[in-house]
Amino acid sequence: MSGERAVAARIALAGGLLTVTLGFAIRGFGGTIPLAYQYVPLLVSALLLGVPHGAVDHLVLPRSRGKPITRRSLAFVGGLYLLIGGGYAFVWFLSPALAFALFILVTLLHWGQGDVYALVELTDASHLSTRRIRASTALVRGGLPMVIPLVAFPEQYRFVAATLIGAFDPRAVGALDWVFTPEVRLAVAVGFGLLIATTLGAGYRRAVRTDGVRPWLIDAGETLSLFAYFGLVPPILAIGLYFPLWHSLRHILRTMLLDDVAASALSDRSTGRAFWRFTRDAAPLTAGAFIVLGAVALAVPETPTTVPDAVGVYLVFIAVLTLPHVVVVSLLDRQLDLWSPQRLSRSGT
């Protein structure tokens with residue numbers, strides 16, 4: 001493993017450990033945490049790692065191909081955000097319950113996608129040696145923050161859903177109530193539990209055959225830690241910590257490895273210089289994103305008057321940005337051949 005990748009791997013693991021440790025510590029020592037305080041990490045993510053992690057999308061595709069950044073490449077990414085993000089924003093006004101369901105599905109796939117990249121590229125996970133097991137791992141990793149809270153904290157999950165949907169159409173709030181019934185949650189718990197068990201089991205068998213038990217232990221340790229984390233930490237707080245410190249940080253490290261200047265800084269163990277380089281690159285569109293956030297806040301039919309309402313608007317804003325961001329990341333995956341047989345053969349698996 002190259003020096004910059006080794007440093008990135010350590011930072012990613014440290015961010016994961018910090019996420020889980022903070023969540024358990026706050027949960028353990030805080031008792032019943034007032035709802036307003038649970039929103040704090042999520043609000044902080046607007047500036048720290050969360051929103052900025054997608055603010056270099058206009059730079060990463062040319063860098064991944066070793067090509068200069070041109071007006072055409074900038075226009076391509078700008079067009080993605082305008083057409084796909086704008087189209088999805090329209091869905092929120094047309095059918096907010098459907099838009100919320102899509103938000104959960106897209107986030108599940110995207111967060112799982114990000115963790116598969118980190119496992120393959122930063123831990124040399126030889127047990128993820130087929131497209132099928134990588135897809136299964138993506139569903140497990142993305143499902144942990146999206147599915148476990150539904151089973152463990154249905155009231156809070158529904159509260160968040162109602163806040164987002166209600167900002168556009170209060171009459172549509174009950175459209176997804178069937179998801180929160182005990183029967184559906186039990187079926188989800190059993191099905192997802194089996195998926196976790198079979199995925200980790202298949203990975204272990206491959207790890208033994210390829211002498212790659214250590215990366216599997218990292219995978220299994222993170223999976224089980226997140227299972228406990230999202231099962232015990234209130235979901236608003238849990239997501240508020242996970243989004244910037246786990247998901248966003250890992251994607252930022254990916255973008256650094258694509259940038260020769262930042263990658264060189266990581267190789268020299270100058271992490272401060274690498275993060276400053278990223279901050280400089282992300283600053284313009286991070287600032288621009290807040291203009292979009294203001295427009296979303298003005299456009300929603302129900303004016304936000306409480307902290308949950310304001311955070312609900314922020315989450316809709318994140319949702320609108322997420323869909324085109326997923327397209328960019330998927331193009332990065334394709335450039336890397338993350339899901340192809342060619343990539344698997346080059347990995348030596």
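**Holes, helices and one buried threonine**

Analyst: In this predicted model, the largest cavity has a volume of about 80 Å³. Local features here need pLDDT of at least 70 and side-chain atom pairs 80 or more, while totals for chains, interfaces and linings use all residues. Numbering starts at 1 along each chain as its sequence is written, and side-chain values use heavy atoms, without hydrogens and water.

User: Which residues line the largest cavity, and how do they divide by class?

Analyst: Lining means having an atom within 4 Å of a point, and that picks out H110, G114, D115, Y117, H247, R250, H251, R254 and V329. The classes come to 2 nonpolar, 4 polar and 3 charged. Nonpolar covers Ala, Val, Leu, Ile, Met, Phe, Trp, Tyr, Cys and Pro, charged covers Asp, Glu, Lys and Arg, and the others, Gly among them, are polar. Helix 6 and helix 11 each supply at least two of the lining residues.

User: What about the second largest cavity?

Analyst: That one has a volume of about 70 Å³, and R250 turns up in its lining as well. By class, the lining has 7 nonpolar, 1 polar and 2 charged residues. Helix 6 gives the most, with 4 residues.

User: How many helices and strands are there, and what counts as one?

Analyst: Helices are DSSP runs of H or I with at least four residues, strands are E runs of at least two, and both are numbered from the N terminus. The chain has 15 helices and 0 strands.

User: Why is T223 called buried?

Analyst: Buried means under 20% relative accessible area (1.4 Å probe, protein chains only). T223 has 1%, so the label applies. T223 is found in helix 10 and, leaving aside neighbours within four places in sequence, is in contact (heavy atoms within 4.5 Å) with V140, R141, L144, I196 and L200.

User: How do you know that the chain's radius of gyration agrees with a compact globule?

Analyst: The rule, over C-alpha atoms, is 2.2 Å times the number of residues to the power 0.38. For 349 residues that gives near 20 Å, and the chain has 20 Å, so the two agree.

How values were computed
Buried means under 20% relative accessible area, exposed over 50%, partly exposed in between (1.4 Å probe, protein chains only). On a 1 Å grid over the protein atoms alone, a cavity is a set of points where a 1.4 Å probe fits but cannot get out, and a pocket is an open set with protein on both sides within 12 Å along at least five of seven lines; lining residues have an atom within 4 Å of a point. Grid points are joined across faces, edges and corners, and a volume is the space filled by probe spheres set on the points.
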